[in-house]
Amino acid sequence: MNVSYLDNNSTTPVLPEVLEEMLPCFSQSFGNASSIHSCGRRALAHLKLARERVAALLDCLPTEIVFTSGGTEGDNLALLGMINPGDHIVVSAVEHSAILSTCAWLEHLGCQVTKVGVNANGQVEPESVRQALRKNTRLVSVMMANNETGVLQPVEEIGKIAAEADVWFHTDAVQAAGKIPISVKTVGCDLLTISAHKIHGPQGVGALYVRRGTPLRAQLHGGHQEKSRRPGTENVAGIAGLGRASELARGGLSDGSVARMAALRDHLEDAIVSLVPETRINGKNAQRVPNTANILFEHVGGDALVLALDELGVAASRGAACTAGEADPSSVLMAMGLTGEQSRSSLRFSLGKQNTAAEIEHAISVLPDAVHRLRSASPFYWSAHETVSR
Ligand code: PLP
């Protein structure tokens with residue numbers, strides 16, 4: 001059975017062009033990029049090209065790119081590398097666990113953390129960031145696009161507020177890269193995280209943009225790779241893949257492929273809302289990345305619906321892949337005012353460049369019946385409807 005893979009915010013398939021770029025790094029260019037002989041120099045050439053390609057995606061200098069093992073490491077490095085015990089950090093309540101868990105660790109180390117909330121659309125109000133600032137605030141970290149809802153945060157305004165207060169600003173752009181144009185200059189950030197496997201690159205590699213002059217402390221200790229900001233022999237093949245994926249992601253913003261994906265996402269949302277009663281798009285009134293639909297199916301167990309859809313050849317998810325399978329409700333949706341039950345009844349459909357119209361039609365054709373079957377078997381559904389008719 002062909003699968004309609006609608007879980008691209010969890011991970012994306014590696015594009016053939018990306019794999020092609022990576023393969024020589026395992027054979028002809030297998031050298032250590034720090035070696036001065038020609039084998040090493042060949043590996044180094046891959047790193048140089050990848051650095052230029054990532055820098056072009058983010059509109060920065062190649063020297064401002066630090067390669068990492070992915071989004072989680074980039075977020076950890078940005079926070080742990082900037083904050084000292086006694087410092088204060090401001091983050092949003094809807095950040096990825098790579099930020100929120102790092103903040104919990106920072107609190108343990110004697111730092112202060114303020115989490116600013118979001119409105120019902122899932123957006124941070126920039127003024128709430130301003131109000132959260134203290135004398136000892138060292139860093140503000142607010143994501144560019146939310147991984148569960150796709151909601152875009154007003155990062156440019158937040159960047160201005162941070163700059164006025166002379167506070168460093170980090171943004172997690174893992175879910176924004178390749179979906180909207182990114183310029184670190186326009187955003188006004190000092191640090192920005194991306195991850196290769198969200199843009200059709202390989203898993204386990206990413207990059208942190210570090211604006212020239214930002215006093216980032218390395219969190220690993222060893223050699224002088226990445227200008228001592230991230231020691232360790234580089235993952236040359238992975239980085240080459242990230243570079244090519246970045247180049248393709250940049251091209252996709254203007255060649256119509258992102259626009260096509262947006263049209264398919266909108267069609268999926270419109271069809272589901274019109275065909276399935278008691279559904280709602282979470283974050284609908286906010287600006288969102290063009291690939292993500294987060295939909296509340298009242299009185300349906302989200303995990304049960306994910307499994308039912310899987311049987312029918314549709315891959316979706318109930319939220320972040322890192323927390324999938326956890327019984328806890330989504331803290332992102334709860335921060336937007338949904339109840340625990342509503343958050344457990346919400347599913348994320350995230351499209352990729354490769355999805356076809358036929359795959360979307362397939363999802364639309366099987367969803368109404370799957371929801372109906374689960375609702376028919378749910379005592380919560382029946383009790384809710386008895387209450388209404390009484
Ligand atoms: N930040 C966001 C917003 C994400 O969606 C993810 C992954 O889902 C990460 C960080 C972590 O990235 P990685 O899987 O590369 O560690």
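Predicted model: local features only at pLDDT ≥ 70, side-chain atom pairs only at ≥ 80, totals over all residues.
Residues are numbered from 1 along each chain as its sequence is written, and side-chain values use heavy atoms, with hydrogens and water left out.

Q: Why are α9 and α13 called roughly parallel?
A: Helix α9 (residues 257-275) and helix α13 (residues 357-376) pack at about 15°, with axes 10 Å apart. That makes α9 roughly parallel to α13. Angles under 35 degrees count as roughly parallel, over 145 as roughly antiparallel, 65 to 115 as roughly perpendicular and the rest as oblique. Axes are lines fitted to C-alpha atoms, for helices over the stretch in contact, and angles run from 0 to 180 degrees between N-to-C directions. Helices (H or I, at least four residues) and strands (E, at least two) are DSSP runs, numbered from the N terminus.

Q: What is the handedness of the crossing of α9 and α13?
A: The crossing is right-handed. A crossing is right-handed if the near helix is turned clockwise from the far one by less than a right angle, and left-handed if anticlockwise.

Q: Which residues make the contact of α9 with α13?
A: From α9 come Leu264, His267, Leu268, Ala271, Ile272 and Leu275. They meet Ala357, Ile360, Glu361, Ala363, Ile364, Leu367 and Pro368 in α13. Contact means heavy atoms within 4.5 Å. By class, eleven of these residues are nonpolar, one is polar and one is charged. Ala, Val, Leu, Ile, Met, Phe, Trp, Tyr, Cys and Pro count as nonpolar, Asp, Glu, Lys and Arg as charged, and the others, Gly among them, as polar.

Q: How do α3 and α4 cross, and which residues meet there?
A: The axes of helix α3 (residues 71-80) and helix α4 (residues 97-108) come within 9 Å and cross at roughly 35°. This crossing is right-handed. Thr72, Asp75, Asn76, Leu79 and Leu80 of α3 meet Ala98, Ile99, Thr102, Cys103, Trp105 and Leu106 of α4. The contact has seven nonpolar, three polar and one charged residues.

Q: What makes α3 largely enclosed by the rest of the structure?
A: Eight of its ten residues are buried, so α3 is largely enclosed. Buried means under 20% relative accessible area, exposed over 50%, partly exposed in between (1.4 Å probe, protein chains only). The buried residues are Gly71, Glu73, Gly74, Asp75, Leu77, Ala78, Leu79 and Leu80.

Q: Is Val142 buried or exposed?
A: Val142 is at 0% relative accessibility, so it counts as buried. Its place is the loop between β5 (137-141) and α6 (155-164). Leaving out residues up to four places away in sequence, its contacts include Ser92, Glu95, Phe169 and Asp172.

Q: Why does Leu61 count as partly exposed?
A: Its relative accessibility is 36%, so Leu61 falls in the partly exposed class. Leu61 sits in the loop between α2 (38-58) and β2 (65-68). Leu61 touches Ala55 and Arg212, not counting residues up to four places away in sequence. Its C-alpha atom is 9.6 Å from that of Val210, 149 residues apart along the chain.

Q: What makes Glu234 buried?
A: Its relative accessible area is 14%, so Glu234 is buried. Glu234 lies in the loop between β8 (206-210) and α8 (236-252). Beyond residues up to four places away in sequence, Glu234 touches Ala33, Leu47, Gln225, Glu226 and Ile239.

Q: What is the phi of Glu226, and what is that of Glu278?
A: Glu226 has a positive phi of about 50° although it is not a glycine. Glu278 has a positive phi of about 55°, and it is not a glycine either. Glu226 counts as buried at 6% relative accessibility. Glu278 is partly exposed, at 34%.
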